[in-house]
Amino acid sequence: MAKRLHIPIRFKVLITLLAVITVVVSLITFNMAKLFHADKEASIRDLTSVIAANTAEEARSLLSGYREKLQVFGRIMFDGKLPSDQKVRLLAGLFEESGDFVAVTFYEKGKNPFTLYDANALGSAGLSKADVQRYRLEHPIPMDRLRREKVFVENSTLAEKLPTLTMVILQGDPETGRETIAEAVVRLDSLLRLARRSVVFDTYLVDSRGILLARADRNQVGMRTPVDWTPDLTNLKYQPSMVTTLEYSLGGEEKIGGFGRVEFGELLVGVEIPKTAAYLTARDLLTNLIYSSILMVMVAAFLSFIWADRITHPVELLSKASRVVAQGKFDVHVQPTSRDEIGELAESFNQMTHELKSREDALSEAQNKLIQSEKMAAFGQLGAGIAHEVKNPLAGILGYAQISLRKMDQENPLHKNLLVIEKETKRCKTIIDNLLRFARQEKVALDPVDPNTVVEDAVAIVEHQLNMNKVKLEKDLALDLPRIKGNSNQLQQVLMNLFINGQQSMEGKPGSVKVSTRLLASGQIELRVSDTGPGMDEEIRAKIFEPFFTTKPSGKGTGLGLSVSYGIIKDHQGEISVESELGKGTTFFITIPVHESRVG
Ligand SMILES: Nc1ncnc2c1ncn2[C@@H]1O[C@H](COP(=O)(O)OP(=O)(O)OP(=O)(O)O)[C@@H](O)[C@H]1O
Ligand SMILES: [Mg+2]
């Protein structure tokens, strides 16, 4: 089977959170940048066309003003009723007031022109009337393009210092039918001011030939315009719409431009901005967004790491603890670190190990008891076998010894020997009887017995013997105890064994043996015998219920007292156990089921 890659949960959580955050942040960033860009583009396009339309409108009204003045000049000039000297005076007066006008020329087709010049303006630009006349000769007005009611306008800059346009109008007298031409050379200063108004947008005006009339950079006046590069713009002249927006590339630079017709002398207005400048804020925003996104992702990574650690740390602890449990050590406790599901899991885990521990303890206790009782059963069988074999010959020996004693004279030297035989045989018989009792060969009847009475009787029998050995026998008997199912003689014998063992353990030193009775919550009666003797070590404690186990010198103890007691208590469906520690005395616990349930 292919080995699965081990990826810690911490890492999985981290990666998942990071992936989600990165995707969300990227989507937000991308959409915000896209929206902002679209919004910016729409507003830039709008702005260029609005500026173009406004500039066209203002240029038109400015140029209309020039045309009206020129028309007034023309009417005076070609008024047949006015005497010539008055005409000249009037015209000269008007010219002085006309401001932007540098020169005005009037003529009828085929006749000599009449011209007025602003000598000061020409002079300050280093020009003379002759220069103006020469320029006109070199750049004749395209007469074929002149139409009545239409104004012809074109750039006519003579010197850099004095940028000018030339405006020509063709007027016809409806009565006489004669056609007159009025021509004005006008400073471009007012138009240049219009073009200079925006710092961000490059604004310019061009004449019908594509020559710049005005631009923020006035050095470019008279040059050909960027209009040529955008054929769409040339077509604009024939389009009904006043303004349009175009995107184009100029000298390797991407631009957005708004273009409009001035509706006067076929002039056009252009307003353009490089895309780099237009989208500067959008790009700044995008850069900021990217930086803040990276920061957000980094913060998110940090938080995810801490979060993942918080989640997985307790799980790791649990996993370690589980491995310990798997090795059979149930004594582990995991400290719950949170109040969530993982905290609950830790608590359940602790509960589980606690449960396992107590079950294991109960199991090993039960196992010990089983071993003990099996051992006892084996001892019993063995003992019973021996007792049976020995009992009859022993009865024979005792019988013959006693018959011989009766027939023998007391002076006979063998009489003493026979007495010894009788005494030792009796002792053997007692041992055999005890062995048989332990092996439960003799079943006795169990009747309702008052536990306190049993205790009192046993105490009465041995109290004197204990007192003689400086051992006090104390009683602590619970009142109103239910009766137990038992045999008083046998139970008395058990208690006496325990009292005497206690007294013997003190080896003549003063002390006390205490007996108590009580009703347990389990419904059983507990008889407890404790002494202030030296106690036992673990090794002795494990063997005390075995037949013939004794620590007493030979002839003093048979080692059958506790094993017989054990057998008796088992016959009573009870339990006998001991708690003892060296230097801390010994306590025996006997529990016996009650005979009847108590009434009221
Ligand atoms: N109260 C006690 N304090 C200390 N050791 C005890 C106590 N009761 C019993 N023992 C130990 O348990 C052993 C076995 O006791 P058990 O009553 O079965 O036999 P025994 O007293 O030695 O002899 P027997 O009872 O036949 O005279 C004792 O020899 C003694 O070592
Ligand atoms: Mg004993």
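**Entry 1: ground rules**

I noted that this is a predicted model, in which local features need pLDDT of at least 70 and side-chain atom pairs count only at pLDDT 80 or more, while totals for chains, interfaces and linings use all residues. Residues are numbered from 1 along each chain as its sequence is written, chains are lettered from A and ligands numbered from 1 in the order in which they are written, and side-chain values use heavy atoms, with hydrogens and water left out.

**Entry 2: domains**

I found the chain divided into domain 1 (11–280), domain 2 (330–441) and domain 3 (443–600), with bounds that come from an automatic or database domain assignment. The C-alpha centres of domain 1 and domain 3 are 130 Å apart.

**Entry 3: helix α8**

I then turned to helix α8, which covers residues 280–326 and contains F302; helices (H or I, at least four residues) and strands (E, at least two) are DSSP runs, numbered from the N terminus. F302 counts as exposed because its relative accessibility is 53%. F302 also belongs to a nonpolar surface patch with L295, V299, L303, F305 and I306, and together these residues have about 580 Å² of accessible area. For such a patch, residues need over 30% relative accessible area and no salt bridge, and nonpolar side chains (Val, Leu, Ile, Met, Phe, Trp, Tyr) are joined within 5 Å, whereas like charges are joined within 9 Å. The areas come from the Shrake-Rupley method with a 1.4 Å probe, and for residues only the protein chains shown count as cover.

H313 lies in helix α8 as well, and I recorded it as partly exposed, with a relative accessible area of 38%.

**Entry 4: salt bridges**

I counted 31 salt bridges in the structure, each being a side-chain nitrogen of Lys or Arg within 4 Å of a carboxyl oxygen of Asp or Glu. D202 and R215 form one of them, at 2.4 Å from N to O. Since D202 lies in strand β6 (residues 202–206) and R215 in strand β7 (residues 212–215), the pair ties together parts 13 residues apart in sequence. D202 is partly exposed at 21%, whereas R215 is buried at 10%.

In E422 and K426 the closest N and O atoms are 3.7 Å apart. These two residues are four apart in helix α10 (residues 413–438), so about one helical turn separates them. E422 is buried at 15%, but K426 is partly exposed at 43%.

Returning to K584, I saw that its side chain meets that of E581 in a salt bridge of 3.7 Å, N to O; E581 is partly exposed at 47%.

**Entry 5: ligand 1**

Last, I listed the 17 residues around ligand 1, of which T550, T551, K552, T558 and L562 come nearest; a residue is near if one of its heavy atoms lies within 4 Å. Oxygen atoms of the ligand are 2.4 Å from a side-chain N or O atom of T551, 2.5 Å from a polar side-chain atom of K552 and 2.8 Å from a backbone N or O atom of L562. The protein covers 90% of the 590 Å² of accessible area that ligand 1 has on its own.

Methods
Buried < 20%, exposed > 50% of the residue type's maximum accessible area, 1.4 Å probe, protein only. Polar contact = N/O pair within 3.5 Å; in protein donor to acceptor, adjacent residues only side chain to side chain.
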